[in-house]
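Colleague: Please put the model up, and then I will ask about single residues before the overall fold.

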Amino acid sequence: MPERDVTVGQLLLSEYQTLKDEQKSRIGFRDNLLYVTLTVVAAVIAAAAQARQPAMLLALPPVCVVLGWTYLVNDQKISAIGAYVRAELAPRLAALARAEGGEVFRWEAAHRRDARRLSRKIVQCVVDLLAFCVVPSSALVVFWAGGDVPAGLVAVSVLEAAAVTGLGVCVVQYAVPFGAGDADG
């Protein structure tokens with residue numbers, strides 16, 4: 001069987017396909033985290049209401065922080081893949097292909113110029129804050145307002161409030177200036 005030479009262009013196209021596959025997988029996983037969060041929130045609230053145990057609401061902050069952090073990390077990786085394709089991979093392939101205007105993979109940049117992109121990014125930031133920060137913060141307020149709460153659980157709830165606040169800061173920091181690093185539009 002004769003040896004086949006692999007070109008740099010073939011390697012770069014293979015890298016591109018691998019990166020796009022990873023990006024697509026991460027987008028699906030990230031988006032499903034919102035559905036998982038909504039399901040967990042509904043289950044915990046229903047269980048706490050049925051059992052008339054506000055302390056059960058203390059399960060929401062750690063779950064929302066873990067799911068929110070996982071969401072944020074995946075979103076950052078999705079953005080990093082897009083940035084790498086735009087800044088590194090596309091120019092190298094364009095040079096190899098001697099592409100007119102030096103452009104390949106135009107969609108990687110074109111969708112970022114959408115007139116509604118900024119408003120979409122602001123809404124996404126608000127949704128992320130609602131799902132991963134406002135809901136668990138509300139659970140903490142309900143717990144604190146529930147009356148006779150043990151000091152140990154108050155201490156736990158304060159730590160949870162700090163974690164939720166920390167996540168909220170990360171969500172906003174990542175979003176500002178609303179889409180500077182977001183790759184999937």
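Colleague: In which element is Ala145 found?

Modeller: Residues are numbered from 1 along each chain as its sequence is written, and side-chain values use heavy atoms, with hydrogens and water left out. This is a predicted model, in which local features need pLDDT of at least 70, side-chain atom pairs count only at pLDDT 80 or more, and totals for chains, interfaces and linings use all residues. Helices are DSSP runs of H or I with at least four residues, strands are runs of E with at least two, and both are numbered from the N terminus. On that basis, Ala145 is found in helix H4.

Colleague: Is Ala145 buried or exposed?

Modeller: Buried means under 20% relative accessible area, exposed over 50%, and partly exposed in between, with a 1.4 Å probe and protein chains only. Ala145 has a relative accessible area of 65%, so Ala145 is exposed.

Colleague: How is Gln124 classed by relative accessibility?

Modeller: Gln124 also lies in a helix, namely H4. Its relative accessibility is 30%, so the class of Gln124 is partly exposed.

Colleague: Which residues is Gln124 in contact with, leaving aside its neighbours within four places in sequence?

Modeller: Contact means heavy atoms within 4.5 Å. Glu88 is 36 residues from Gln124 in sequence, and their C-alpha atoms are 27 Å apart. With neighbours within four places left aside, the contacts of Gln124 are Leu34 and Tyr71.

Colleague: Leaving aside its neighbours within four places in sequence, what is Leu167 in contact with?

Modeller: Leu167 is among the residues with the most contacts inside the largest core. Beyond its sequence neighbours within four places, Leu167 is in contact with Cys64, Val65, Gly68, Trp69, Phe132 and Cys133.

Colleague: What is the radius of gyration of the protein?

Modeller: The protein has 5 helices and 0 strands. The radius is taken over C-alpha atoms, and the globule rule is 2.2 Å times the number of residues to the power 0.38. For 185 residues the rule gives 16 Å, and the protein is well over that, so it is more spread out than a compact globule, with a radius of gyration of 22 Å.

Conventions. Core = buried A, V, L, I, M, F, W, Y, C linked by side-chain atoms within 4.5 Å.
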